[in-house]
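Colleague: I've got a two-chain model open and I'd like to learn how to read it. Could you walk me through it?

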Amino acid sequence: MVPISYNLRSLAVRKTTTIATASGIALVVFVFSSVTMLSRGIEKTMSTSGSPDVAIVLRKGSDAELSSGIETPSVGLILASKEVKRRSDGKSDGVGEVVVVITLEKLGTDGISNVQIRGTSEDVWKFRPEATIVEGRMAQPGADECVIGRAIRGRFKGLELGGSFELRKNRTLKIVGIMDAKGSSFESEVWADLDAVRSAFGREGVVQSVRARLSDASQYESFERSIENNRQLGLEVTRESEYYKKQSEGTSAFIAILGNIVAFFFSVGAMIGAMITMYSAVANRKREIGTLRALGFGKISIMSSFLLESLLLALLGGAIGAGASLLMGFVSFSMVNFQSWSEIVFSFEPAPGIIVGALVFAGVMGLLGGFFPAVRAARMPLIKALKE
Amino acid sequence: MTLVGLAARNALRNRFRTLLTIAGVSVAIIAFVLLRTVITSWNIAAEYSAKDRIASRHKVSFVISLPKRYIDTVREVDGVKEATWMSWFGGKDPRNPDNFFANFAVDPKTFLEVYDEVSVPPEQRTAWLEDRQGALVGSSLARQLGVKVGDKFTMQGTIFPGDWTINVSGIYTSTRKSFDQSSLMFHWDYMNESLPSSRRDQIGWIVSRIDDPGRGAEVGATIDRIFDQYDNQTLTMSERAMNLSFVGMFSAILKAIDIVTGIILFILLMILANTIAMGVRERTSEYGALRALGFSPAHIRFFIIGESTTIGLAAGLVGIAIAWPIVNGGMSRFIEENMGGMFPYFRVETSTLVLAMVLALALGALAGVVPAIQAGKLTVVNALRRVE
């Protein structure tokens, strides 16, 4: 084997070329791992929103809370099902909620966007123990008060502790608390009193969704059957985890498609960059290669030495790119979810797997880009190489 | 041989490397054209929107409808030529519920007057106006759903429960780039009469055509002022502002695409600069010889920048020659059919091609600057001494 120090020194001697090639690869890896981190962020936000032991009941045919509607008498009926867990106070562990979307002015960019408002009862804090108030206080039941998720705080006009916005004419909601919900999509919502939202939107007597925690996740099938077989209700049951997975499908597919197309073009470009560099490395070092061969290094050794050099070059770039992408962890990304038409704030979720994957990706680019130049180096006739 | 010719000829010295460079840079150009097209197509709805149309919706939320009688009031507003109304229906194709398409309940007669870019053959137009269950289907959507004139089609309601059967009376095309060909419009009357009395006589939004495009803001303000005393206040925007606000919802993605586009150009620069730097290094002695023959440093710089610009030019041409047919051929049809709501018209703009060409040339020249300056600084003796 040709010693590694030979390759390392060769890289160091051709500083400019090494830097240019490595930074090309670094940028590719940066984009690749940022996109993967964002996809993971979307998945995490959505999957922490839904728990596997919670069932969500919507009107048959509507695939989102926004378009659903359930008459109040049905709510009691649903929550009285034997599969639903009872809390220590003896009540069923479930909530009936109203979900609406309002238009607010976006801060930072001009324009307006939609914010999701959830009208809910005070039971919600028992039903979703992961949601806690981190600043301010809970909203008073029956009052025109609300709490907002910490992800949308400051992103819209009026959405700040102590701020307020109009739910309809002469109906102002005051923000009294900031909520943390462990990074789930609830952090992009406003939670207000059920009746306040219902009356402001003329939806008295209906809720849009009923969520029920089952005494055991295995009870789901039996719960689903008992609700859906009651044709008069006209309702449909979904696992909450599945519901949120479906909600984010469009958005994450969009990001993934766009990201993969970009990553594909980038990697082709960077691979060609590595190839150019390695070909010229081989061409410039004909005499060295000849010397190495004369010293007794075999064709395989020469080939693997150049492959190794290309790999090192790519890994250098990969490490820089992956390192830079970790900085994206500090950035949050707000976009409209295609299903609910309201803004959800996502974050870039770094993970060891993503970094390893990015380095492997860089390594593959280096090996592919270096393969043909390495073959050329190995095939070079000894005499011709030395004659240069 | 002219000096320019010599500079261009230099690019062919290492044919293989030049070819690889052109390949790498043209991949970057293809990616650039693709991403630019995403951005320009996204903005097309706003750019080509009709200047004489304004839309009024509920002030607080798009999920709240307006009373139908509002249309009569709007029609009396000074400056309004004709007004029509529509409701978002939210129907799904039961055969393929995951395939989203836009569908509206409209008032056919006034709809065709206000949206005069919707073009339908006269006999289909008459058929639609006369058939209460008739519907107009966009040409892209018709292909996607596999329906033709005279077919029956059943939609499953999400907001309005039940199965809704409509007759395909006509297939429309659009003469305006901002109006997509992937929507379905059917009679609002048909929907309204089938609803329970509590949900009847509600409309989603009102679109008015005005006499003088310059007075849009003024007419809009008048409409909003009239309804300000009512319970349901309105928010009136020009069609352009409405489309812009839709684009604004995805501003984070647009910004990300912009950043990625910048990164692509940087990678392009790296690949080119690398090649040029390698070429210059190999030819140092030649430049010494040229200098000894009496060529000035300016000539040397000219040769180098000329060579890199030539490569940039060639790569730009190759990239465009590949990207243009790909995007305008298969891709545009696929995107307009499947994502017509977002990209009603997905084509490469001429301005994108010009920009890509200019950037290829400019970055080509830029890539040569540093090596050119360095080579220009070499003294004849030093350059010649490097002979290996």
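This is a predicted model: local features need pLDDT of at least 70, side-chain atom pairs count only at pLDDT 80 or more; totals for chains, interfaces and linings use all residues.

Colleague: How many residues of domain 1 of chain A are in contact with domain 2?

Modeller: Twelve residues of domain 1 of chain A touch 15 residues of domain 2 of chain A. On the domain 1 side, α2 (15–49), β13 (332–336) and β14 (343–347) of chain A each supply at least two residues. By class, that side has five nonpolar, five polar and two charged residues.

Colleague: Now strands. What should I look for in a sheet?

Modeller: A general idea to begin with: side chains in a regular strand alternate between the two faces of the sheet. Then look at who pairs with whom, and in which direction. Take β8 of chain A, residues 171–180. β5(A), residues 132–136, pairs with β8(A) in the antiparallel sense over four bridges, and A:G136 sits opposite A:G177.

Colleague: Does β6(A) run parallel or antiparallel to β8(A)?

Modeller: Parallel: five bridges join β6(A), residues 145–149, to β8(A). In that pairing, A:E145 stands opposite A:K174.

Colleague: And how many bridges join β7(A) to β8(A)?

Modeller: Four, with β7(A), residues 164–168, running antiparallel to β8(A). A:E166 has A:T172 as its bridge partner in β8(A). β7(A) and β8(A) also form a hairpin with two residues between them. In the turn, A:N170 has a positive phi of about 55°.

Colleague: Let's move to chain B. What does the secondary structure of chain B come to?

Modeller: Chain B has 14 helices and 13 strands. For overall shape, compare the radius of gyration with what a globule rule gives. Chain B comes out at 30 Å, well over the 21 Å that the rule gives for 388 residues, so chain B is more spread out than a compact globule. Along the principal axes, the C-alpha atoms of chain B fill a box of roughly 95 × 45 × 30 Å.

Colleague: What share of the residues of chain B count as buried?

Modeller: 45% of the 388 residues do. As for contacts in chain B with a separation of 6 or more, 83% of them are between residues 24 or more positions apart.

Colleague: Where are the domains of chain B?

Modeller: Domain 1 of chain B is 3–46 + 250–385, and domain 2 of chain B is 60–232. The C-alpha centres of these two domains lie 47 Å apart. Their contact takes eight residues from domain 1 of chain B and ten residues from domain 2 of chain B. α2 and α12 (297–338) of chain B each give at least two residues to the domain 1 side.

Colleague: Last one: how do I read the contact between the chains?

Modeller: A general point: interface size is often given as the accessible area lost when the parts come together. Here we can count residues instead: 41 from chain B and 46 from chain A. On the chain B side, the elements that give two or more residues are α2 (15–47), β8 (152–157), α9 (239–249) and α10 (251–282).

Colleague: Which element of chain B gives the most to that side?

Modeller: α10(B), with 14 residues. By class, the side of chain B that touches chain A has 26 nonpolar, 13 polar and two charged residues.

Methods:
Residues are numbered from 1 along each chain as its sequence is written. Chains are lettered from A and ligands numbered from 1 in the order in which they are written. Two residues are in contact if their C-beta atoms, placed from the backbone, lie within 7 Å. Ala, Val, Leu, Ile, Met, Phe, Trp, Tyr, Cys and Pro count as nonpolar, Asp, Glu, Lys and Arg as charged, and the others, Gly among them, as polar. Domain bounds come from an automatic or database domain assignment. The radius of gyration is taken over C-alpha atoms; the globule rule is 2.2 Å times the number of residues to the power 0.38. A residue is buried if 20 or more other C-beta atoms lie within 10 Å of its own, exposed if 12 or fewer, and partly exposed in between; C-beta atoms are placed from the backbone. Two strands pair if DSSP finds at least two bridges between them.
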